[in-house]
Amino acid sequence: MASVPEKARCVIIGAGIVGNSLAYHLAELGWTDIVQLDKGPLPNPGGSTGHASNFIFPVDHSREMTDITLESMRQYKELGVFTESGGFEVARTEERMEELRRRMSSAKAWGIEAELVDPDFVVEKVPFLDKDVIVGAFWTPSVGVVDSLRAGTIMRERAQEKGALTVVSNVEVTDLEVVDGRIAAVVTDAGRIEAETVVVCCGVWSPKIARMAGARIPLTPAVHQMISAGPYEVLADRPGEISFPIVRDMDTLCYERQHGSDMEVGSYAHRPILHDPEEIPSNEQAKLSPTEMPFTEEDFELQLEQALELMPELLGDERGTVRYAINGLLSQTADGFPILGETPEVKGLWSAAAIWIKEGPGTAKLVAEWMTHGNPSIDISHSDICRFYPHQRTRDHVRARTSEAFNKTYGIVHPGEQSESVRGVRLAPMHASQRDLGAVFYEAAGWERPHWYASNENLLEKFSDDQLMRREHEWDARWWSPIINAEHLQMREAGAVIDLSAFAIFDIVGPKALEAVQQICVAQMDVKVGRVVYTPVLDSRGGFRSDLTVMRLAHDQFRVVTGGAHGMVDKKWFADHLPQGAALVDVTSAYTTIGLWGPKARTVLESLTRADVSPQGFPFGTCREIEVGDLGVLASRISYVGEYGWELYVPMEAGAALWERLLKAGKEHGVIPAGIGVYATTGRIEKAYRAFGAELDAERTLSETGMRRKKYKDADFIGKDAILAQEGEEPKAVLCSLTVDDHTSASGVKRYMLGGEPLFTRDGTQLTDGHGHHPYVTSAGSAPSLGKHMLMAFLPPEQARVGTELAVSFMEELYPVTVVSADATAPFDPDNDRIKGK
Amino acid sequence: MTDVLVCVKRVPDASGEVVLTPDGSRVDGRYAGYTMSAHEECAVEIGVKVAEATGGAVTVLTLGDEDSVEQLRAALSVGAAEAVRVDADADAYGPADVAREIAAVVTTRAGAGKDYDLVLLGNDAADTGDFQVGIRLAYALDRPVVTGVQRLEVSEGTATMQVDNPEGTEIYEVALPAVATVLEGGVSPRYPSITGKIKAKKAPLETVEPSAAPAGSGRQALRVPPPPPTQVEILGEGPAAAPRLVEVLTQLGAGR
Amino acid sequence: MSAVVVLIEIEHDGDASRVSLVSREALTFARGLGDPVYALVLGPTSPGVVEDCREQGVAAIFECPDEELSAYSGAAWAVALGAVVDAAGDVAAVVAGGTAHGNEVLAHLAARRDLPMAANVVGLVGSEPFEVERQVVGGSAIERTLLAGGTPVVSVAGHAVDPEPAPTPGGAAVLPFSAPIEEKDLRARVVRSQTRDGGDTSGLTSARIIVGAGRGAGGPDGFESVDALAARLGGAVGVSRVVTSLGWRPHHEQVGQTGSRVSPDVYIACGISGSIQHWAGMSSSKTIIAVNTDAEAPMVTKANYAVVGDMHEVLPAVLEQLGPR
């Protein structure tokens, strides 16, 4: 019978591709006394890895996911388990071809060899495909298949050979012991292991395991159907496991992948079938394995016919029979990203879950880096387990969003697309008023935020078409409205009131509060009470962890304000870095924030308060309590839209009242309510303000983003050594702002880029920066005050000069662009006169 | 030309650990899935082969709820031409009830000109293991019946059946019409092709009502006996363990 | 008390014929249902058979030496059984061992006379009403079932009841009789049969020692040492379903849910993983020894003893160690 060691430095629960890769990478980074457990047998304990389709298509619309996939491919190749086959994503419709053109953009942006091809090209490589069924395809020659079980075994053995790893299979974890908020031991049916660190790599079982420690890993097991049929002579004629390219039939949400003489047909087209982590069969109860569930025939009926339609001669061969058919279980999350990092509930308990084969080894390496020195070498903030707000950790939320997202797995998903399920969870106090004003609500971090207001439609008559930059093409105009640009223009003319309830706000308090924020923030934090500091937050390598503002409210109280989307991750970062004597208090739900900005902002506020709100009386970068009638308001004079004005903070329950008063007072001055379309895009892109998650992430530096300071504070802070070391160096890439000079497509339609598009020289030659990356658009949006569509991108230093002429590729066509700023200099109002109140 | 009726039953796949429903009244197929028994898969295969050889056709029949259509489709996808479902809750029917219903279908169809000269069943249902339906059916139809058949061929109105048991092989020659219950092992059931599965969806499927209310199976309760706790003693590794193993055998009175 | 009628089967141990193990188990079980116990033998009795019946407390042995019954026929044998039941008068139950023939004959009787039947019974719960526990799901579960509406007909699962001698030996008087068999009862009868060759015909189900082999044998040629060891120990060979489904060995050697249930003193499982399918067929073995390369295989963890190694290396070494018989 199995027995387990009594102690370990790290216990890895799970021996699928993730657990195995992690064991290896930790050992490589010098970890010893690692114990890996699995309740199933080796080499295939019965998780998703065991039945995975095992193919990798590298192109993804996300840069990080693509990088992680490429890294995983590199590792699989090094392990000798990768077989290149090439892959086609075929289109049956013109709409799909458009999407494939978008994928070409991403391929070019990430530097992956790919091309759009016609049906003849496809049939040359896959002769049994009926070319009349398709109109074209996206061809990626580097697509391949891997032997993930073998890869995992080799990695595990390597770690064992180093003496770093003990593996115990057929051992089930029954409990996780937590003492004072920290993991203490792993209890199994073969004994107890005292452990400093525990990593949950349990795939579909992860939520069940995490719950033993009182932590949440919000993923859901979901079904993906697959069958295997054969033998087919055509496939058997060629040697080896796979000699025909893999075909992804995008419009039917299916794929066909060869396995020796068999053809595997898989589907993401069926109704979402979700299972419960607590109700996955054991190895003994399952017929094949716990993640190979009984096949539901009726869900595959249509797919069978569609597959037959695509490959009639092959799949119609009666000699080939269906010998394998399963409802395979895999892990899905609400936002489609993995769940990585130390759980917020339990220190020392880590999650490495919801990771698919194509990201496995790469993600494991990053998690190992993260565990070792706190800094993964690729930004994985989108996958941080701390990103979830409480409502996003609930079972219902996960299941609803996963169901909605499932059929989008091969779907055509617009970058601005909004979810429909589980909406209306977090409502701002002025929500009713916003509804009355015809707010078009978009959701962020669960908050319903007006993106623009239908009540501002009348403004469309006020401004010219050139200023409004209406979008002709349906795709560009989706999830957008020219009203956004109208609101922007009105704001610049008179002013706007903007609901910012979605901010995450937390106070750092206590005798060591100053020490805490000094250590965490780049900027000088030992400032007078009443100062507002805008500051980056870096990691020890000088990469961005966040970008936020801090108000010193008292000698021992600092209020941190950060964007809602990233708020929970920021909160954990601060909490993890507090010295004894400093505490963090989350006041997000205590305060609402309303922005008031524009040429008339001062006039409006003056009509509501007796406080001195002139530029002299209320300097920029300061905050103070003022009375707005009978409301106590914390006013903070900063701006993310480049106008004179304030962020006004009131207790949540007073938000509606303040909102009403501002709107009422603003009406006669032409001050309107404006939405996040203005706040997050048009306002800031004209000012070249960087956004975390778009321009700023862990792989970017102050130097590259043009945010270096002339002088850094004497006090030590995280990342100081790194950025001082970078001081002398030339940046490898430089963040620039560009305008689009001509939008006209070959067919005469004006096109508007949305973000992610690659940039080239005017004649279409590829550009490469010092990191070996190719430039792509990090943010795109209207700059109505300039009458231009603007883009932001990191360019190679040689191109990072005002006036450089380049081109952006959109849907496979080139459009001329010009650099208008090669640093943080704002294209609009570069001297910041408006903010100053001049 | 021999038309064959093959009778199948939807049962939970029992190749894994047996799980009971929360109320303990039946076996839960949630995790392992549902299937027809291995004996019945062979019966379908034998039926299809006989039909192919004699120019006849196979009708597959089940007594069960809507979910059991899945098992009918499985048989249709490997060569059965049409299907019949007696709409009933199989758990409420004992072997005598099932036999009566099958007999009713055979008789009704015979009246309409469709004669099933050969009726095949599984030797026993994988879940209830009654060993009775085929025999009771034979008496209801007044036909001869052979059980435990592993191979069967029809030639000129006579069925030659082979039964293998630990003692040896027994051969029967029975004049049709007849009933046979099939024990797996003599033929290899074929898997469906993709076109077979697609055709199965479009094949004729008739649903009929039961002819009478069931008397029931007599089942009162179900339990899964707990596995005995054992403590394995590892005698050693590889051929080097042979002496120790022989010692144990001798102690047990086996090695002489 | 009411009588119990038991259909018994004969097995041949060399030259002698005895009452088979499973029939003796049936007789032991039958004694708990009523008194007296009558046995029916289809074929000639022998001193050994009589002795066994006496030991089991059988009051009388009905012997049916009819020519027509010499070849097996389920229907005909059921006619004979029915005749004994009629002769016995007030009958509490009709019993047989849960063998292929036993189950079949009982089912014929139940069908002819519209009696309730339960197959593979493992124990009596009560007589009034008549409730038994029996094996279902290939032996993996136990059902408690009520038999009402007629004389209960039950087959007794092999190795569920320990065959014990009766407190007092029975008279075991041999009573020849003729069964009123009709033409139609012989429509389905054996026309040809071949006994298994290979010496000992004690049969898999009553073997005291069984050497089992599974996927680890590797192919149809991988059973040499298995056959040799079984022969050396005077036992039988059993195989897992994987082996028969791959066509490596015939079905009658299969041990498991769809094969035979065995309960030897010693079961040596070589290269068998120990799935439920197989385990259900041999779990009641008194001592289980596993030989497997995988120390975590269910068969190893559930066995009494195990050798971790390749059966193709271990078995020859064992044979060598044992020496010639």
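This is a guided tour of a predicted model, stop by stop, with something to select at each one.

Before you start, note that residues are numbered from 1 along each chain as its sequence is written, while chains are lettered from A and ligands numbered from 1 in the order in which they are written. As the model is predicted, local features need pLDDT of at least 70 and side-chain atom pairs count only at pLDDT 80 or more, whereas totals for chains, interfaces and linings use all residues.

**Stop 1: the two domains of chain A**

Select 7–209 + 218–333 of chain A for domain 1, then 732–838 for domain 2; these bounds come from an automatic or database domain assignment. Their C-alpha centres are 38 Å apart. Where they meet, 11 residues of domain 1 are in contact with 9 residues of domain 2 (contact: C-beta atoms, placed from the backbone, within 7 Å). Now colour helix H3 (residues 94–110) of chain A, which brings 8 residues, the largest share of the domain 1 side. Helices (H or I, at least four residues) and strands (E, at least two) are DSSP runs, numbered from the N terminus. By class, that domain 1 side has 3 nonpolar, 4 polar and 4 charged residues. Here Ala, Val, Leu, Ile, Met, Phe, Trp, Tyr, Cys and Pro count as nonpolar, Asp, Glu, Lys and Arg as charged, and the others, Gly among them, as polar.

**Stop 2: the largest core**

Next, show A:Val11, A:Ile13, A:Leu22, A:Ile34, A:Ala352 and A:Leu791, the residues with the most contacts inside the largest nonpolar core, which has 261 residues. Such a core is a set of buried Ala, Val, Leu, Ile, Met, Phe, Trp, Tyr and Cys residues joined through C-beta atoms within 7 Å. A residue is buried with 20 or more other C-beta atoms within 10 Å of its own, exposed with 12 or fewer, and partly exposed in between. Helix H1 (residues 17–28) of chain A gives the most to this core, 7 residues. Domain 1 and domain 2 of chain A both contribute residues, so the core lies between them.

Centre on A:Leu22. Beyond its neighbours within four places in sequence, A:Leu22 is in contact with A:Ile12, A:Val199, A:Cys201, A:Ala352, A:Ala364, A:Val367 and A:Ala368.

Now pick strand S2 (residues 34–37) of chain A. Side chains in a regular strand alternate between the two faces of the sheet. In S2(A), A:Ile34 and A:Gln36 on one side and A:Val35 and A:Leu37 on the other are all buried, so that both faces are covered. Strand S1 (residues 7–13) of chain A runs parallel to S2(A), joined by 4 bridges; two strands pair if DSSP finds at least two bridges between them.

**Stop 3: a buried tryptophan**

Go to A:Trp452, in strand S22 (residues 447–453) of chain A. A:Trp452 has 27 C-beta neighbours inside 10 Å and counts as buried. Its contacts, neighbours within four places in sequence aside, are A:Val440, A:Ser481, A:Ile483, A:Ile484, A:Glu487, A:Gly675 and A:Gly677.

**Stop 4: where chains B and C meet**

Select chains B and C together: 63 residues of chain B are in contact with 74 residues of chain C. On the chain B side, S9(B) gives the most, with 7 residues. That side has 31 nonpolar, 19 polar and 13 charged residues.

Then follow S12(B) to strand S9 (residues 141–147) of chain C, where the two pair in the antiparallel sense over 4 bridges. Here B:Arg223 has C:Ile142 as its bridge partner.

**Stop 5: the sheet across the chains**

Trace the open sheet of 10 strands in the order S12(B)-S9(C)-S8(C)-S7(C)-S10(C)-S6(C)-S1(C)-S4(C)-S5(C)-S11(C), with mixed pairing. At the edges are S12 of chain B and strand S11 (173–176) of chain C, each pairing on one side only. Inside the sheet, strand S7 (residues 117–126) and strand S10 (residues 153–156) of chain C pair in the parallel sense over 3 bridges, and C:Ala118 stands opposite C:Val154.

**Stop 6: a proline in a loop**

Finish at C:Pro44, in the loop between S4 and H2 of chain C. C:Pro44 is partly exposed, with 14 other C-beta atoms within 10 Å.

Key
Contact = placed C-beta atoms within 7 Å.
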